[in-house]
Amino acid sequence: QESGDQRAALGLPGPFHSLCLCLDPEWASYKLGIFICLNCSGIHRNLPQISKVKSLRLDFWENDVIEFMKKHGNLCAKAKYEAKVPPYYYIPQFCDCLVLKEQWIRAKYEREEFVATRVCQDPCSAGSREGFLWKRGRENRHFRKRRFLLSAREGVMKYYTKEFGGPKAIISIENLNAMFQTDKIQHAHGLQITYNTDGQRRNLFVYHESGKEIVDWFNAIRAARYHYLRTTFPNVPEPELIPRITRNYVKEGYMEKTGPKQKEPFKVRWFCLDSQERNLMYFKKPLDAFAQGQVLIGTMHEGYEVRAGVPQGVRVKKKPAITVVTPVREFVFICENEREQREWIDALNGVIAQPLTVLHFQHCKK
C-alpha cells in the first residue's frame with residue numbers, strides 16, 4: 001500500500017479509541033498489532049525488541065503487515081496482555097503523565113506481567129513495600145533520601161528521617177492518597193502523598209530516579225488501599241470501590257480570595273478541589289505541607305451553589321470571579337481569566353451534583 005491514510009485498508013471503523021482511550025489514534029505497533037496515540041508511539045519506539053511503529057497516514061504499509069493488523073488489533077492484544085491485571089493496578093489514560101504510560105507499556109509488553117500464565121499477588125502482599133524515596137523537606141524544601149515502609153497487613157505507611165530510631169510519621173492507610181504531580185514537583189517521577197494528621201491534610205512530595213520504582217510504589221499504595229477498602233466495606237460493589245482507591249484532584253490552580261467580611265484585601269492562593277473529600281483547600285504555595293484553610297462542598301439539596309460573578313456590594317478588580325454559596329457564608333474568588341472561571345465553575349458544579357455514597361457516609365462517621 002502507498003503512504004497515505006490506511007484506515008480503509010485496515011478495515012477500521014469511523015471514530016475509535018486507542019488502548020489509552022485517545023480518540024482516533026494515528027499510529028500503530030505493527031509488531032504487536034495494536035493502534036496507539038502519538039505519545040504512546042514514542043514509548044513504543046524505545047522498545048524495538050518488542051514493538052515497531054508506523055504512522056497510519058505517513059508510512060508505507062506492506063500487504064502482509066495490513067493482514068497481520070486485521071487479524072490482531074486492540075481487543076486481541078487486551079485479551080492477551082491484560083488477562084490478569086489486578087483490580088488495584090492503575091491503568092493510565094490518555095491524559096496521564098509519561099512515567100505512568102511508559103511503565104504500563106513496559107509491564108504489559110516487555111515484562112508480560114499480566115498474561116494469563118502469571119500468578120497474581122494478593123492485595124495484602126502487593127501492598128507491602130520497603131525502600132528509599134527522595135522526600136521534600138517541610139521547612140528547608142530540599143529533597144532528602146528517606147526510608148519508607150508500607151504494610152497493608154498493619155494498615156500503615158511509615159517514613160524515617162534517621163538510620164536508627166522510630167519513624168518520623170505513622171500514616172494510616174485509611175486516609176492515605178497518592179497522585180502523580182510531575183509539573184507541580186517539577187520532576188518527571190514526582191508523586192504527591194496526602195494523609196490526615198491532627199485534623200489537617202498533610203502533603204508529602206517525593207520522587208525516585210527510577211520510573212519503575214516510583215510506579216511500583218504508587219501501585220503498592222493502591223494495593224494497600226484496595227485491601228483496606230475491600231475488608232472494611234465488603235458489601236460495597238467493586239465499581240464504586242475502585243475509584244476510591246486513589247484519586248487526582250478535580251482541579252488545581254491559582255485564584256484570589258478575600259475574608260469573611262468580603263471587604264478584606266484579595267490574596268493569591270493555590271487551590272485544590274478534592275471531589276472525594278468534597279472540599280476546596282487553599283495553600284499559600286503549591287508545595288506547602290498544610291492547607292491554610294478549606295471550604296466544604298455539599299450538595300444542592302443542602303444549599304450549596306456556585307455562581308459566576310460576585311454578590312451585590314462586593315467590589316473586585318475587572319477580572320472574572322466566582323461565588324461559592326454555602327449554608328454558612330458566601331465565598332468569593334477571583335480567577336485568572338474567563339477560561340479558568342468556566343473550569344472552576346464546571347469542576348465545583350460536578351462535586352455539588354455528585355450524590356453522597358455509602359463510603360462517604362462511612363468516612364464522615366469516622
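Okay, quick definition before anything else: when I say contact, I mean heavy atoms within 4.5 Å. And keep in mind that this is a predicted model.

Let's start with Met157. Skipping its neighbours within four places in sequence, Met157 is in contact with Phe148, Leu149, Leu150, Ala169, Ile170, Ile171, Leu176, Ile193, Trp217 and Ile221. Met157 also belongs to the largest nonpolar core, which has 42 residues. Within that core, the members touching the most others are Phe148, Leu150, Met157, Ile171, Phe180, Leu191 and Ile193. Which helix gives this core its largest share? That's α7, residues 211-232, with 11 residues. There's a second, separate core too, with 20 residues, among them Met255, Ile297, Val324 and Phe331.

Now, the annotation. UniProt, in an unreviewed entry, puts "domain: PH" at residues 126-226 and 248-353. In the model, residues 126-226 come out as 21% helix and 46% strand, with the end C-alpha atoms 10 Å apart. For residues 248-353 we get 15% helix and 36% strand, and there the end C-alpha atoms sit 18 Å apart.

Last stop, Glu82, in the loop between α3 (74-81) and α4 (98-110). So is Glu82 buried or exposed? Its relative accessibility is 13%, so Glu82 counts as buried, because the cut-off for buried is under 20%. What does the side chain of Glu82 make a polar contact with? The side chain of Lys108, at 2.9 Å. Lys108 also turns up among the residues Glu82 touches, along with Ala77, Ile91, Trp104 and Phe114, again not counting residues up to four places away in sequence.

That's it from me, thanks.

How values were computed: Residues are numbered from 1 along each chain as its sequence is written. This is a predicted model: local features need pLDDT of at least 70, side-chain atom pairs count only at pLDDT 80 or more; totals for chains, interfaces and linings use all residues. Side-chain values use heavy atoms; hydrogens and water are left out. A nonpolar core is a set of buried Ala, Val, Leu, Ile, Met, Phe, Trp, Tyr and Cys residues joined through side-chain atoms within 4.5 Å. Buried means under 20% relative accessible area, exposed over 50%, partly exposed in between (1.4 Å probe, protein chains only). Helices (H or I, at least four residues) and strands (E, at least two) are DSSP runs, numbered from the N terminus. A polar contact is a pair of N or O atoms within 3.5 Å; within protein, one must be able to donate a hydrogen and the other to accept it, and residues adjacent in sequence count only if both atoms are side-chain atoms. UniProt positions are given in the numbering used here, feature names are shortened, and annotations may be inferred rather than shown by experiment.
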